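Hi everyone, and thanks for coming. Please have a look at the structure first.

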Amino acid sequence: MKRYDFHIHTEFSYDSRIKGVELLQKAIDLQYDEIAITEHLDLLPQELSIYGLPSLSRYCAYIAKLQRDFPAITLHCGIEIGDYHLVKEFAKPLIESFELFPILGSVHFLKDHTNVAILLSSPLTKAQVIDYYENNLRLVSECDIDVLAHLGVYKRYYTEAAPEDCVLPLITEIFRVMIQRNIALELNFSSLRKAYQSVIPEPQYIDLYRSLGGNLFSLGSDAHRIDHFGITRLAESLIGEHDTPIKRVVTK
Ligand SMILES: [Zn+2]
Ligand SMILES: [Zn+2]
């Protein structure tokens with residue numbers, strides 16, 4: 001099986017400390033075949049006012065130089081677009097002229113502005129959990145993305161997940177739309193480094209996705225520090241022989 005990681009943040013992301021050079025060297029040392037750097041593109045007004053607008057041309061030039069300096073590995077110039085469905089009119093023309101692959105879509109904010117990707121003082125309410133998955137459904141239905149990233153991210157800071165029975169039909173619908181649109185399901189390992197200690201989405205959701213006919217997977221460490229990046233045996237064991245690595249869905 002190919003060894004790959006398609007969700008990594010480096011120095012171009014405001015919240016990552018990884019140097020591109022050290023990442024590439026480590027990936028080669030660990031015999032990865034392919035990796036994707038997927039910096040944040042966060043365009044909600046409250047994010048733009050703090051972090052500003054990153055320069056995609058500088059970013060693509062940075063990736064191209066890394067690939068030239070480390071030809072022993074395939075490096076993709078990816079992007080993680082936060083809450084794409086809420087900023088589509090702004091984001092689409094911004095990314096159009098760049099060769100970005102893979103495009104990860106992820107939900108970070110609820111309609112009440114709660115950031116679900118950080119540690120909160122109390123777990124989400126049932127209404128917030130429903131809102132979270134409704135946002136994911138909009139994201140996969142309305143946006144051209146290659147991968148749905150970290151589905152269920154809000155659970156990663158807690159040892160136990162809130163019961164999700166009430167959102168099972170929603171999650172099923174998310175998977176149906178993804179399968180129909182060839183959007184890969186990311187198995188995200190950031191939650192193994194946090195209290196939750198399980199891959200997200202969890203094995204029962206991976207089984208549900210497969211039972212509906214889904215076989216397009218992506219693996220993502222979601223690394224923000226160099227020690228986050230590395231081989232996860234669990235990651236490799238979750239992907240079956242008949243699964244397909246991610247395809248380029250978004251075409252120009
Ligand atoms: Zn994210
Ligand atoms: Zn990320």
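Let's start inside: the largest cavity has a volume of about 120 Å³. This is a predicted model, where local features need pLDDT of at least 70 and side-chain atom pairs count only at pLDDT 80 or more, while totals for chains, interfaces and linings use all residues. Residues are numbered from 1 along each chain as written, chains are lettered from A and ligands numbered from 1 in written order, and side-chain values use heavy atoms, without hydrogens and water.

Now, the terms. On a 1 Å grid over the protein atoms alone, a cavity is a set of points where a 1.4 Å probe fits but cannot get out; a pocket is an open set with protein on both sides within 12 Å along at least five of seven lines; and lining residues have an atom within 4 Å of a point. Points are joined across faces, edges and corners, and a volume is the space filled by probe spheres set on them.

Who lines the largest cavity? There are 13 residues, with Y4, Y32, G230, T232 and A235 nearest its centre. At least two lining residues each come from β1 (4–8), β7 (216–220) and α8 (233–238). Helices (H or I, at least four residues) and strands (E, at least two) are DSSP runs numbered from the N terminus.

And the largest pocket? Its volume is about 410 Å³. It is lined by 25 residues, and D15, H40, A117, I118 and R156 are the closest to its centre. The largest share of that lining, four residues, comes from α2.
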